[in-house]
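Let's take a walk through this model, starting with a pocket and ending among the aromatic rings. Have the structure open as you read.

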Amino acid sequence: TAYGLTLNNWRFGAKWGLILALILDTTLIFTGLLFTELKIPENAINTIIFQLFLVGFSEELLFRGYFQSRLNEVFEKKFHLKGFVFGWGLIITSLLFALAHLLNPFNPLIGQFDLDWVAGLITIIGGLFFGLMREKTGSILMPVIVHGSMFVYYLNPTVPLLAFALAWFINGRLLFRVVSYASIQKL
């Protein structure tokens, strides 16, 4: 339970996680098509399975389940934002999440010193949203579902930053509305 491996509020987390994932993916597909041509790679099924079941779960378990939970034990939750209560644990975890993705192409062993700045920007925003979902539900289920749905990006990795910005904006607005609804329903 301390690390978000709980089924508390599982109906809420699953329902709204799927809705947010659907909206995020739909937004990415349609805004991506405005700027690029959709090209589905040969390994699409492998990518979907890998993202849904391995990446989404393992990264959320590590970042929101372990890091955020442990940092929340050290730092009090003193911030309030539209129905969310959180602390420095969420912010630091989001920065670590972004740093991990910023360093994706970095490999000094083969002389590759590149950084993926777009991934860093995208994941800091995603990390904040995933962390807020974790704080509200007490579970990593909702962020696992939304994070796992990011396979859409890997099917069309030329989606521009603007498409992600629009997708996160729409999801952020919906997330805050969902939390307002959940607060009324006494989640």
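Here is a short tour of the rings and the pocket.

First, the ground rules: this is a predicted model, where local features need pLDDT of at least 70, side-chain atom pairs count only at pLDDT 80 or more, and totals for chains, interfaces and linings use all residues. Residues are numbered from 1 along each chain as its sequence is written, and side-chain values use heavy atoms, with hydrogens and water left out.

Start with the largest pocket, which holds about 340 Å³ of space. (On a 1 Å grid over the protein atoms alone, a pocket is an open set of points where a 1.4 Å probe fits, with protein on both sides within 12 Å along at least five of seven lines; lining residues have an atom within 4 Å of a point.) Of its 20 lining residues, His101, Ala119, Thr123, Tyr153 and Tyr154 are the closest to the centre.

Now the rings. There are eight aromatic pairs, meaning Phe, Tyr or Trp rings (six-membered ring for Trp) with centres within 6.5 Å; planes over 60 degrees apart count as edge-to-face. Phe79 and Trp88 make an edge-to-face pair, 5.5 Å centre to centre with 75° between the planes. Phe97 and Phe130 are also edge-to-face, at 6.2 Å and 75°. That pair links distant parts of the chain, with Phe97 in α3 and Phe130 in α4, 33 residues apart. Both Phe97 and Phe130 are buried (under 20% relative accessible area, 1.4 Å probe, protein chains only). Ring pairs also join them with Tyr3, Phe63, Tyr66 and Phe67 in a cluster.

Terms used. Grid points are joined across faces, edges and corners, and a volume is the space filled by probe spheres set on the points. Rings of Phe, Tyr and Trp (its six-membered ring) pair if their centres lie within 6.5 Å; planes under 30 degrees apart count as stacked, over 60 as edge-to-face and the rest as tilted. Helices (H or I, at least four residues) and strands (E, at least two) are DSSP runs, numbered from the N terminus. Buried means under 20% relative accessible area, exposed over 50%, partly exposed in between (1.4 Å probe, protein chains only).
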